[in-house]
Amino acid sequence: MKILKLAKKNLDLFVSVLPAFGEVYAPIKRGNSFVFDKPGLWSDVQMNYTRTILPPKKLLLPPCEATFTFDPNKGYQDLLNEASKPMVLFGVHAYDIYGLNILDRVFVQGKYPDPYYIARRRATTIIGVDFVPDDKHAAGSMNADFVDQGFDLFLSDIGDEYLVLVGTSRGDDIVVMSGCLLQTPTQDDFAEYKRRSKNRHESYKVQLDLEGLPEILEMEYHSKAWDDFGKRCLSCGSCSMVCPTCYCFDVKDEVDLGGRTGKRIRTWDSCLLRTHALVAGGENFREDRASRVKHRFYHKQRGFVAEYGRPSCVGCGRCVEVCPVDINIISVIETIRGERDGIASSAPASA
Ligand code: SF4
Ligand code: SF4
């Protein structure tokens, strides 16, 4: 992998080449939060943000999208062209790139490749930037605070400069277009990079123990703790909406009044919603909230491990921020491991 460096004072010049690679989205401030959006001015872009409300998933797997239209005169017409517009995601944290790599396993390398996701992923340039963990980030515990693939360029702060990892040939094209802005780093730059990486890794306030977690989840399948979580959960679905690795969606047809033409729409869904496991005839496989909360965490920390060899949580901390009743990856893991006082975790759940 090629490694270069960029002086911070030249960042404005460097980003001026990005529109040649597509419409640019970057973290900008909205109220007290951050969102990925098109920056009006480059000065709006936040290089030191904590986390965005929604992950970059929202741009590659939009919350609501039409996949094709149907018309008896024209037949089916897919909308893949819409999904193929070039886009640049600037300022993506490592855990969110890791989140996209996890979505790739499902939508690109999985049993049912998704042409819409694949078209967007191929048309998207990703430029990562490092971050300082806050009291909600668990990316260190989830091995997602560093990525070695899934980006075109990755910028790491080393003081007055960024160390720039070049991940792909497209990243190399950006380097070439940037002229002499990117330079060869020195051994001192590498030493500073290593020092800051170590400090960042050690600065995580959240330390989760994942050792043997799939087996512990197996043992705690009938734990009363799930009942306790189920009583508190509001079934709002916010935790999965903000999660970079939740990917369930619903599909429906919107038919015009004449009943002959229309379009197929898919929208984000959440396994926390009561209707998620409702099927024809009125049967609901996860009627109670406890079973829905349990399903979400078993999928992330057990089912995904069995299928893909790692949890699907990347420790972004969004579910910690958004859940109004403190059900999140930290509280659930600590409870199930018996590390939180006052909550029984081994007593059997009520029927
Ligand atoms: S489960 Fe929570 S912390 Fe983990 S990736 Fe999803 S939103 Fe982020
Ligand atoms: S766990 Fe929290 S965020 Fe998720 S559905 Fe329940 S109340 Fe909402």
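Reader: How do the residues of the lining of the second largest cavity divide by class?

Author: Nine are nonpolar, three polar and three charged. Ala, Val, Leu, Ile, Met, Phe, Trp, Tyr, Cys and Pro count as nonpolar, Asp, Glu, Lys and Arg as charged, and the others, Gly among them, as polar. This is a predicted model, in which local features need pLDDT of at least 70, side-chain atom pairs count only at pLDDT 80 or more, and totals for chains, interfaces and linings use all residues. Residues are numbered from 1 along each chain as its sequence is written, chains are lettered from A and ligands numbered from 1 in the order in which they are written, and side-chain values use heavy atoms, with hydrogens and water left out.

Reader: What makes a space a cavity or a pocket?

Author: The work is done on a 1 Å grid over the protein atoms alone. In a cavity, a 1.4 Å probe fits but cannot get out. A pocket is an open set of points with protein on both sides within 12 Å along at least five of seven lines. Lining residues have an atom within 4 Å of a point. The structure holds four cavities of 30 Å³ or more. A volume is the space filled by probe spheres set on the points, which are joined across faces, edges and corners. The second largest cavity has a volume of about 100 Å³. Of its 15 lining residues, Cys243, Arg296, Cys313, Cys316 and Cys319 are the closest to its centre.

Reader: Which ligand sits in the second largest cavity, and how do you know?

Author: Ligand 1 does. To sit there, more than half of a molecule's atoms must lie within 2 Å of the grid points. Ligand 1 is placed there, so it passes that test.

Reader: Where does ligand 2 sit?

Author: In the largest cavity, which has a volume of about 120 Å³. Cys233, Cys239, Leu272, Cys323 and Ile327 lie nearest the centre of that cavity. The shell around ligand 2 includes Cys236 and Gly237. By class, this shell has eight nonpolar, two polar and no charged residues.

Reader: Which helix gives the most to the lining of the largest cavity?

Author: H11, with three residues. Helices (H or I, at least four residues) and strands (E, at least two) are DSSP runs, numbered from the N terminus.

Reader: Why is E7 called largely enclosed?

Author: Six of its six residues are buried, so the rest of the structure largely encloses E7. Buried means under 20% relative accessible area, exposed over 50%, partly exposed in between (1.4 Å probe, protein chains only). Thr124, Ile126 and Gly128 cover one side, and Thr125, Ile127 and Val129 the other.

How values were computed: Near = heavy atom within 4 Å.
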